[in-house]
Amino acid sequence: MFLLNISTIRKIIPVVCKIIVLFLIFFTSLNAQISPGDLTNAHAKYEGISNCTKCHVLGKQVQDSKCLDCHSVIKNLIQENRGYHSGADAKGKNCWNCHSEHHGRNFRIINFNTNGFDHSKAGFNLTGKHSEIKCEDCHKSDFIQIKNASLRKNTLLGLSQSCRSCHTDIHEGKLGELCSSCHNTTNFSTVENFDHSKTRYKLTGAHLNVACLKCHPSEIKNGKQNIRLIGISFSTCESCHKDVHESKFGKDCQSCHVTAGFKLINQKFFDHNKTDFPLIGKHQLVICAKCHGDNLNTKPRHQNCIDCHSDYHNGEFSGATLKDCSVCHTEKGFEPSTFTIKEHNEIKFKLTGAHLAVPCKSCHFNNDKWHFKNIGNKCIDCHKNVHGTEIIEKFMQNNQCENCHFIDDWKNIKFNHELTTFPLNGKHKEVSCGECHYKVEDTGNKKFRFVSLSSKCEGCHKDVHYGQFIENGNSDCERCHIFDSWKPEKFNHNSTRFSLEGAHQKLACSRCHPVITENNNQFIKYKLDDFKCAACHS
């Protein structure tokens with residue numbers, strides 16, 4: 001055996017100690033990389049290096065597929081695009097974004113707060129009474145439909161959206177699975193959603209106003225008060241109604257009567273169209289006695305509409321037109337009128353432009369009454385003259401608005417401004433009419449200005465010179481400015497009392513014309529008080 005001497009051992013011991021220390025450091029680092037912390041109580045059984053691949057993929061982070069292999073209920077919900085994990089808050093996220101691990105045994109891996117939770121995000125809106133109950137009233141083991149080992153204690157998963165998963169079906173399945181076809185979540189006793197027309201017996205006429213209990217009596221079933229909804233006989237009218245004719249006219253009540261009213265005669269029994277007055281439109285709904293009185297053998301006059309109907313128009317229409325109401329109306333009803341635009345354009349006032357879109361009522365209905373004759377055909381007969389006296393007779397003879405406006409569009413103006421004393425030049429051609437002629441007063445009222453509008457520049461523009469160039473009450477801005485630009489292109493300093501000569505020609509204007517403040521107004525002073533050299537040169 002090879003033996004080491006004391007001297008050699010003394011040299012080796014420090015090296016061995018260093019190797020042991022490095023190994024301990026490496027092992028500690030390796031262990032930290034493998035397990036950064038304890039798993040939560042829920043996943044404690046997966047603790048240990050041999051279980052890592054149950055959640056992790058070697059060389060990669062935790063994959064959702066690994067999580068969902070265990071949490072199959074959530075996996076199924078995601079595949080069916082149902083539940084909270086299929087919504088916008090969770091969709092596209094990794095499981096560990098919300099449920100991270102290795103933070104200790106008591107770490108809350110599910111950090112979910114029911115307070116203020118928007119339940120619609122789970123795919124089930126809480127409405128009516130559902131919005132008033134507590135979470136635990138529904139989310140309890142008695143109602144959980146899915147029995148799965150991956151469901152945790154106090155889970156919020158596993159519920160069905162079927163009403164019968166929480167509520168007893170008092171109808172015992174005989175009325176189908178969809179309770180919402182009749183009931184709502186606000187009040188179970190009401191059946192506002194129920195549509196009787198989808199049953200074998202459709203409600204028509206007066207039956208629509210009959211209380212449900214009249215046909216569906218209350219009964220005791222299985223010891224509970226209930227309403228009989230099925231097994232109701234309806235094959236004949238006698239199932240509910242007494243035959244006042246005592247079978248003298250047979251069992252088929254519908255051969256004479258209709259559900260709209262017992263006193264209304266069914267046209268299938270008596271064909272009025274075989275007479276010289278066929279019943280059309282609303283005439284079919286008129287009770288016989290309305291025209292025939294108590295004796296159905298009475299033959300009323302019916303040659304003209306006014307034989308039965310009063311003249312609503314009070315003589316506005318006369319002659320053949322009065323007798324033949326069908327020129328404008330039909331038996332389907334007084335409204336709408338059948339009078340067409342083509343027929344309207346054959347009379348004095350033709351409908352053109354924007355008038356084509358105006359409802360008849362706008363012109364013909366006034367003071368709760370229809371009027372057709374003598375309602376006027378000028379603009380001011382229907383429209384208010386918003387200009388008042390602002391437009392002189394020259395431009396609006398006989399209140400003819402057409403001189404400026406188009407019928408197609410009231411805001412489209414065709415006025416020639418060159419005919420006025422203020423032709424539009426330069427930039428004025430680009431300004432909209434309303435910039436000068438339209439004003440909203442402090443009271444909020446709109447006001448148009450034409451005659452009252454001053455033609456002076458100050459009428460629209462602020463005098464930035466604050467009266468320096470006013471002569472005989474007129475600023476006469478055109479002495480310096482042109483309409484194409486505000487720059488004083490027409491101004492010639494040599495035409496003033498102080499001609500620019502020599503070095504003065506090179507000076508900036510501001511060297512002689514300072515900005516001053518006067519009466520709280522700041523402006524450039526152009527009108528100098530003194531032209532002596534000493535006024536500028538010391």
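Predicted model: local features only at pLDDT ≥ 70, side-chain atom pairs only at ≥ 80, totals over all residues.
View 1. To find H216, look in the loop that runs between α6 (212-215) and β1 (218-221). A polar atom of the H216 side chain sits 2.9 Å from the backbone oxygen of R228. What else is H216 in contact with, once neighbours within four places in sequence are left aside? Besides R228, the list holds H196, I227, L229 and I232.

**View 2. The hairpin of β3 and β4.** Here you can follow strand β3 (residues 257-258) as it pairs with strand β4 (residues 261-265) in the antiparallel sense, over two bridges. Two residues lie between the strands of this hairpin. H257 is a handy place to start, with I265 in β4 as its bridge partner.

**View 3. The largest nonpolar core.** Five residues make up this core: C379, I391, F395, M396 and C401. In soluble globular proteins, nonpolar side chains tend to be buried together. Not counting residues up to four places away in sequence, M396 touches I391 and C401, along with N385 and N403.

**View 4. Stepping back to the whole chain.** The protein has 13 helices and ten strands. Its C-alpha trace spans about 135 × 130 × 35 Å along the principal axes. The radius of gyration is 48 Å, whereas a compact globule of 538 residues would have one near 24 Å. Buried residues account for 13% of the 538 residues. The accessible surface comes to about 42100 Å², with 56% of it belonging to carbon and sulfur atoms.

Methods
Residues numbered from 1 in each chain as written. Heavy atoms only, no water. Pairing = 2+ DSSP bridges. Helix = DSSP H or I, 4+ residues; strand = E, 2+ residues; numbered from the N terminus. Polar contact = N/O pair within 3.5 Å; in protein donor to acceptor, adjacent residues only side chain to side chain. Contact = heavy atoms within 4.5 Å. Core = buried A, V, L, I, M, F, W, Y, C linked by side-chain atoms within 4.5 Å. Buried < 20%, exposed > 50% of the residue type's maximum accessible area, 1.4 Å probe, protein only. Rg over C-alpha atoms; globule rule 2.2 N^0.38 Å. Areas by Shrake-Rupley, 256 points an atom, 1.4 Å probe, with all protein chains shown as cover.
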